[in-house]
Amino acid sequence: MASVTPAIVVVFAIILVALVLFATEAIPVDMTALGIMVALLLVDPVTGAFADLGLLADSITVLDSPEQGVSGFASTATITVLAMFILSDGVQRTGIVQILGRTIATYTRDDEGKQLGATIGIVGPISGFINNTAAVAILLPMVTNLAHEGKTSPSKLLIPLSYASMFGGTLTLIGTSTNILASDIMSRPEFLGRGFGMFEFTALGLLVSVVGTVYLLTVGRWLLPERIKPVGDLTQEFGMGEYLTEVVVRENSPLVGQTVKEILDETEYDVDIVQLVRGDRVFIEPLNPKTVRSGDIFAVRTDRDTLLSLSDEEGLDLLPEVTVDEAELEAASEEQNLVEIVIPPGSALLGETFVSSNFRQRYDATVLALRRGGDVIRRRLDHVPLRIGDTLLVQATPDSIDRLDRNRDFTVAREIERKSFRESKIPVALGIVAGVVAVAAVDFLPIMVAALAGALLMVLTGCLKPGEVYESVQWDVIVLLAGVIPLGLAMENSGAAELIADVIVRSSLALPPVAVLGLLYVVTALLTNVISNNASVVLMVPVAFEAAQRLDANAFSFILAVTFAASTAFMTPVGYQTNLFVYGPGGYRFTDYLRVGGPLQLVFAIVTTAGIAVLWGV
């Protein structure tokens, strides 16, 4: 058995801290990855200084050079994923998915089975050719629209959307960043010296996609909860009945003559002014400059106790006979001004609050409620730090909603009319993606070069504007990749990967190689459900290779098992970004993922292991 060296102890200590931070998300995952990189870079100089002081016998080396520590930023995997984000955005801005959604809606109507089948049938193939996280972001409004128009609970469709995007991502090399990263690691000289081909594992991807689809249409459909009732009114969906009320300003009210901004700045109460009715006119944001007059009617968001205190102190009369619902709040115009907005991965508002982001003034919008999983927050919203998947019930003008929809920091959960799509560029954008896939598939160009060329063509052909290129990239994913790649190098350099592989092989001496293959799949899948999929593949690919070497087994098969396991995390909302993205819009609880995803994870472990054994051997 490999001996435990100081270098291995240091690497394991860094891995342990990283796992805790990834699992708890005490700090953003990209910052954790950056911390890993810095920690690895500091090991040699810090331990060298300790050795000079006589505190250590010798310095500890886990990386061959500082250049290895920052090699993640120059990795072909990182550059390829960056280019794929740009390609995905070029396709998105043509509006082709929205056109497809409208076509599908006419077919599915109010049939839940058809809606579910259409959701899986669309997102799966799309996720094979554009980043699957981007695919979910693009398709979320379409799917929630299907649910809304067909009077189906969105909870019945959004977990399948996430799951199907994951197994759809296993169809091709470019379907997910996990595949690209695993291919990059595998291509190093110390491993197989070559990466995956574009369609090398498509047969296995088709197998798991078919099995996953059948499961979601049968057992999964039965297990899926109905957390959000299929109601047409957003105020009912968010349970706002007790929190939205209209009040009228008395003649002797101390508020008369003050602006709305002055009132909100001075009050200590938890209250938002949502709408102003003055005579025959209805006003919504921006309300701050409005000067209050007697007889003004305000729609306010607050609880009943606060409202009673306000009415006594501020000279307001309640209008209890008025029901403040979606129709009432949209009386300001003939267009939609009450929407659900989701905080997507990579949003600049992650970790921010409505106060720190100056949300109301910055976006001319009022947040009425926040849904996080199965919990709806309707009080004390101002200081709640925002997370991926948080769903906001927002009141704003149609122009403000259009700006929010075009802002990459938000995803409007239901489709709205947009005039900014470049529909004339649909053939061009699809042609560019097809070209990238084709030249990479025939090995005319490496995937990184093909993807970069395609990204440039998106700009040169007008599918994207130059400034949109930087907006299209999820920089947190890029930093995450760059930060965790050196960890794999440190595991290999220090012997940590060899030690872990040795433990796995020795603990399963009585098992045939195919069982060890399945064990590696299960270990990787469990790890991925707790930490980032990219972090788990970096940790487990070297282990899989070392295990295969010790068993004299097919190293390609072992690496492929780890890659597929890292790409399919069904049991928790935190294991994969797409799961977290639908957490709020679906109103899910943490246990919903375990109930629906647990059996699917087990089925995939068996099917993937058997599929690899048949197609490539062990």
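Residues are numbered from 1 along each chain as its sequence is written, and side-chain values use heavy atoms, with hydrogens and water left out. Because the model is predicted, local features need pLDDT of at least 70 and side-chain atom pairs count only at pLDDT 80 or more, while totals for chains, interfaces and linings use all residues.

Helices (H or I, at least four residues) and strands (E, at least two) are DSSP runs, numbered from the N terminus. Strand 9 covers residues 391–396, and six of its six residues are buried (under 20% relative accessible area; exposed means over 50%, and partly exposed in between, with a 1.4 Å probe and protein chains only). In a regular strand the side chains alternate between the two faces of the sheet. In strand 9, Thr-391, Leu-393 and Gln-395 point one way, and Leu-392, Val-394 and Ala-396 point the other way. Two strands are taken to pair if DSSP finds at least two bridges between them. Strand 6 (residues 338–342) runs antiparallel to strand 9 and is joined to it by five bridges; here Glu-340 has Leu-393 as its bridge partner. Strand 7 (residues 365–372) is also antiparallel to strand 9, with six bridges, and Thr-366 is the bridge partner of Gln-395.

Helix 15 spans residues 304–314, and its buried residues are Thr-306, Leu-307, Leu-310 and Ser-311. These residues lie on the same side of helix 15 because they cover an arc of only 135° around the axis, the arc being that of the directions from the helix axis to the C-beta atoms. An α-helix has 3.6 residues a turn, so residues three or four places apart point the same way. Asp-305 and Asp-312, on the other side of helix 15, are exposed. The buried residues of helix 15 are covered by elements including strand 1 (244–249), strand 4 (297–301) and strand 5 (316–318), where contact means heavy atoms within 4.5 Å. Gly-315 follows helix 15 and has a positive phi, near 70°.

Most residues other than glycine have a negative phi. Asn-358 has a positive phi near 55° and is placed in the loop between strand 6 and helix 17. With a relative accessible area of 39%, Asn-358 is partly exposed. Asp-552 likewise has a positive phi, of about 55°, and is found in the loop between helix 25 (533–551) and helix 26 (555–566). Asp-552 is exposed, because its relative accessible area is 72%.

The second largest pocket has a volume of about 560 Å³. A pocket is an open set of points on a 1 Å grid over the protein atoms alone, where a 1.4 Å probe fits, with protein on both sides within 12 Å along at least five of seven lines; lining residues have an atom within 4 Å of a point. The lining of the second largest pocket consists of 23 residues, and Val-271, Asp-272, Val-355, Arg-360 and Asp-382 lie nearest its centre. Helix 14 (260–266), helix 17 (359–363) and strand 7 each supply at least two residues of this lining.

Methods. Grid points are joined across faces, edges and corners, and a volume is the space filled by probe spheres set on the points.
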